[in-house]
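Student: Before I look at this model, I would like to learn how its features can be read one at a time.

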Amino acid sequence: MHALDVPQAEAARARSGRLKMLAVLLVCAAPVIASYLTYYVIRPEGRMNTGELIEPQRPIPPAADLPLSTLAGEPVRPESLQQQWLLIAVGGGACDARCERQLYLQRQLRETLGRDKDRVDRVWLIDDAEPAREVLLPALEGAHVLRAPAEALNTWLPAAAGQSPRAHFFLVDPLGNLMLRFPVDADPSKVKRDLERLLRASKSWDRAGR
């Protein structure tokens, strides 16, 4: 009788050990599980995007609808801008104070992304025929500075009521879809937070460069 009880006791101890180990694993994993639930499911108000989601997404129009050109007048195919995140600002060639601030923030936002900044291109779309101010060009090195008709930009880039595309930053994903419009005079720290979240979420499939 005693000999039969020994295997049963060992089995009970093994079950107890497995349950204790499972309990320890659950306790250790709880913070990770909670963070994923908070980030992906619960989404408290404080974590909502600052940028307004463009729905449905708007692909970069073809050249027939969005004729782009360099400052020298060379045509640029809109689809050539794909495969990078694009942070877009719009302004006139004379670039007033608001335009200057937009270009400054655009550069600073990209720089604060650290090593992920190489996944984001700055794009300044000039919507008139005024020559770009020479004094601005050194700070725009590495950016795409292109001309486009204002009518075409107004069609592609939806501004808030009573505003024009010049008042916003717009974000295009690497697939070439316009996806976010940032509010007028948006808090740069909140814009940066949106960019960081998107770059983090797309890290598994997006790489720097075209």
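This is a predicted model: local features need pLDDT of at least 70, side-chain atom pairs count only at pLDDT 80 or more; totals for chains, interfaces and linings use all residues.

Student: How many helices and strands does the chain have, and in which pattern do they follow along the sequence?

Tutor: The secondary structure comes to four helices and eight strands, and read along the sequence they give the pattern α-β-β-β-β-α-β-β-α-β-β-α. Of the contacts between residues at least 6 apart in sequence, 67% join residues at least 24 apart, while buried residues account for 37% of the 210 residues in the chain.

Student: Are the two faces of strand 7 covered or open?

Tutor: In a regular strand the side chains alternate between the two faces of the sheet. In strand 7 (residues 169-172), F169 and L171 lie on one side and F170 and V172 on the other, and as these residues are all buried, both faces are covered.

Student: Which strands pair with strand 7?

Tutor: Strand 4 (residues 85-91) runs antiparallel to strand 7 and is joined to it by four bridges, and strand 8 (residues 177-181) also pairs with strand 7 in the antiparallel sense, over three bridges.

Student: Which residues of helix 2 are buried, and where do they lie around the axis?

Tutor: An α-helix has 3.6 residues a turn, so residues three or four places apart point the same way. In helix 2 (residues 97-111), the buried residues are C99, Q102, L103, L105, Q106, L109 and R110. Because they cover an arc of only 165° around the axis, they are on the same side of helix 2. Their cover includes strand 4, strand 5 (120-126), strand 7 and helix 4 (188-201). At the N-terminal end, D96 caps helix 2, with a side-chain oxygen 3.3 Å from the backbone nitrogen of R98.

Student: Is D127 buried or exposed, and with which side chain does it make a polar contact?

Tutor: D127, in the loop between strand 5 and strand 6 (144-147), has a relative accessible area of 15% and is therefore buried, the cut-off being under 20%. Its side chain makes a polar contact of 2.7 Å with the side chain of R166, and the residues that D127 touches beyond four places in sequence include V90, G91, A148 and L153.

Student: Where does the backbone have a cis peptide bond or a positive phi at a residue that is not a glycine?

Tutor: Most residues other than glycine have a negative phi, and most peptide bonds are trans. Here a cis peptide bond, with omega about -5°, joins E55 and P56, and P56 has its place in strand 1 (residues 52-59). Q83 has a positive phi of about 75° and is partly exposed at 46% relative accessibility, whereas C95, with a positive phi of about 50°, is buried at 3%. Q83 belongs to the loop between strand 3 (75-76) and strand 4, and C95 to the loop between strand 4 and helix 2.

Conventions:
Residues are numbered from 1 along each chain as its sequence is written. Side-chain values use heavy atoms; hydrogens and water are left out. Buried means under 20% relative accessible area, exposed over 50%, partly exposed in between (1.4 Å probe, protein chains only). Two strands pair if DSSP finds at least two bridges between them. The expected span of a helix is 1.5 Å times one less than its number of residues. The arc is that of the directions from the helix axis to the C-beta atoms. Contact means heavy atoms within 4.5 Å. A polar contact is a pair of N or O atoms within 3.5 Å; within protein, one must be able to donate a hydrogen and the other to accept it, and residues adjacent in sequence count only if both atoms are side-chain atoms.
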